[in-house]
Amino acid sequence: MPASASRQEPSAHRARGGADAPSARLSSDRRRRPDPSTRQVARGLGWFSLALGVTEVTCGDAIARWLGMPRAGALVRAYGVREIVQGAGILGAHDPTPWIWARVAGDGLDLATVLPGLTGDPRHRANTAVALGALAGVGVVDLLCARALSDAPLAPSEPVRADYRSRSGFPRGVAAMRGAARDVRPRDFTTPESLRAWS
Amino acid sequence: MKALVWHGAQDIRCESVPDPRIEDDRDAIIKVTACAICGSDLHLYDHFMPGMEKGDVMGHEFMGEVVETGKGVNGTLRKGERVVIPFTIICGECDQCKRGFFSVCERSNRNKHLAAKAFGHTTAGLFGYTHLTGGYQGGQAEYVRVPFADKTHIKVPDGLTDEQVLFLGDIFPTGWQAAVQADIQPTDTVAIWGAGPVGQMAIRSAILLGARQVVCIDRVPERLEMARAGGAVTIDNSTESTVERLNQLTSGKGPEKCIDAVGMEAHAPRALEQVYDRVKQAMMLESDRATVLREMIYVCRPAGILSIPGVYGGLVDKIPMGALMNKGLTLRTGQTHVNRWTDDLVARIADGQIDPSFVITHRGGLADGPDLYKTFRDKKDNCIKVVLRP
């Protein structure tokens, strides 16, 4: 069954991922085939999540003070744990789509947490603005990546179209060839006589 | 000349590169008439193996005609002669080559300091397979320079076609060595993980070596179908438990011999194990996924033998050493000592015992190479083995 190279693009079978239902756009699908750059961005976000998470867990109190929310250290550390889980999910999953959408939701939560700082202690407003800017920037990247993943084409489930039942590789048949090379016993590649089974 | 050139993960291009030339007296230049994409090329395609550089020419399974030889080839090869080139480059003179352990040739890897850092000692130079193994340009090209050409070749009889002998350069002797070192006895059940090209060759080799029962484990329907055609009982590990089924097929004793024809990119049928390995791999806490190794150690009959032709590149995690030791298992592995086996295998092909071309499912030219890499990697279009004609 020789096949020409032109057979391999089954465009007729390609479907837009998640075109049917919103839940399908958010959920994992092993058939999803994002382009290499989207895949790279997703991996980058995974690493970013891990790094940010570790920073938040280890420096939660300092970050909270910098934002003018000195009693929010525990909350920042909890957000750090969330980031680590998301990062591990993105890097470990075959299809990171739901994990990137989880990051988008997390961005919303982060923005909602930091936003009140703009009307709080005037000494920390500049820091709050910097944090909001960074969160918004990362949020845009997350959103674009999540949408690109959800829109990625789905590879078709491949049916067995070719018939390989006659491809034994033995011109004289399997039964005739069983044991045809039984005498091949190279000394260096077989069990020494003294270690062989007794029976 | 045209060649398939590595540019990064999932980025292989057919483009023009300088023609190879004689650099050493023992070199020969081969005009490639047929080359194949090997399963281990996919480890480079996905950039799982370190040591590739942009501009490297891919390919280590190829054959062709001699068009030029260095002075040191000394008439061993003549212009126009048809040869298959083994993927392991061998000097034929070092201590390991003299012992027949060609894949650990001590002289052919020109970057032996890198290999020694990674592995403790150098291994042989390989064509088109990272700078750890010499950084030699590969054979998915119109022409290729063959170092130590007076030894690094397999002469083939005129009566055999390219497609019958091409796989003598890698997958056939690799499957063969995997089965031979499993020391198969007439009462043995041999379990083979992976129904890709090496797994298919291992199945046929185990049959030739006289295994009572051969069992092949995979999840791709057309590969399982081809495995059954070769005489194997098959287990679809996406729908059934490998361990339970193997125990069922061996009256609860387990297979005496287990062969890992999958290697570092194994997919675990259990989601938790798969996530665990992928996360560790992504965080650079392990480089290879050991799913098949764990399963083999667990299910193999005590005092059995594990044979590992599947390629591993670095570190694995959670190997059940307790089971390996207490069950008294023997582990045999290694890159293939191609030339050790090929005289015998050429004779078996010529005798009609086996025709390795059964495994070819896709053919194309070099320009089709980048697309066919993807097709092969994604197991699309029922693809099992690709042969290219430059």
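Modeller: Let's start with Arg123(A), which is exposed at 70% relative accessibility. Here buried means under 20% relative accessible area, exposed means over 50%, and partly exposed is in between, using a 1.4 Å probe and protein chains only. Its partner in a salt bridge is Asp121(A), with the closest N and O atoms 2.8 Å apart. A salt bridge, by the rule used, puts a side-chain nitrogen of Lys or Arg within 4 Å of a carboxyl oxygen of Asp or Glu. Asp121(A) is partly exposed, at 29%.

Some ground rules before we go on. This is a predicted model, where local features need pLDDT of at least 70 and side-chain atom pairs count only at pLDDT 80 or more, while totals for chains, interfaces and linings use all residues. Residues are numbered from 1 along each chain as its sequence is written, chains are lettered from A and ligands numbered from 1 in the order written, and side-chain values use heavy atoms, leaving out hydrogens and water.

Now look at Asp110(A) and Arg82(A), which are both buried. They also form a salt bridge, with closest N and O atoms 3.1 Å apart. Asp110(A) sits in helix 5 (residues 97-114) of chain A and Arg82(A) in helix 4 (residues 73-92) of chain A, so the bridge ties together parts 28 residues apart in sequence. Helices (H or I, at least four residues) and strands (E, at least two) are DSSP runs numbered from the N terminus. These two residues also belong to a salt-bridge network with Glu83(A), Arg103(A) and Asp142(A).

Over in chain B, Arg389(B) and Asp162(B) meet in a salt bridge at 3.0 Å, N to O. That pair links distant parts of the chain, 227 residues apart: Arg389(B) is in strand 18 (residues 386-389) of chain B and Asp162(B) in helix 4 (residues 162-165) of chain B. Arg389(B) is partly exposed at 39%, whereas Asp162(B) is buried at 12%.

How many salt bridges does the whole structure hold? Asp188(A) and Arg340(B) meet in a salt bridge at 3.7 Å, N to O. The contact takes 61 residues from chain B and 50 residues from chain A, contact meaning heavy atoms within 4.5 Å. About 4,700 Å² is buried between the two chains, 52% of it from carbon and sulfur atoms. Of the area that chain B buries against chain A, Glu225(B), Lys380(B) and Asp381(B) supply 13%, more than any other three residues. Buried area is the accessible area (1.4 Å probe) that two parts lose on being put together, summed over both.
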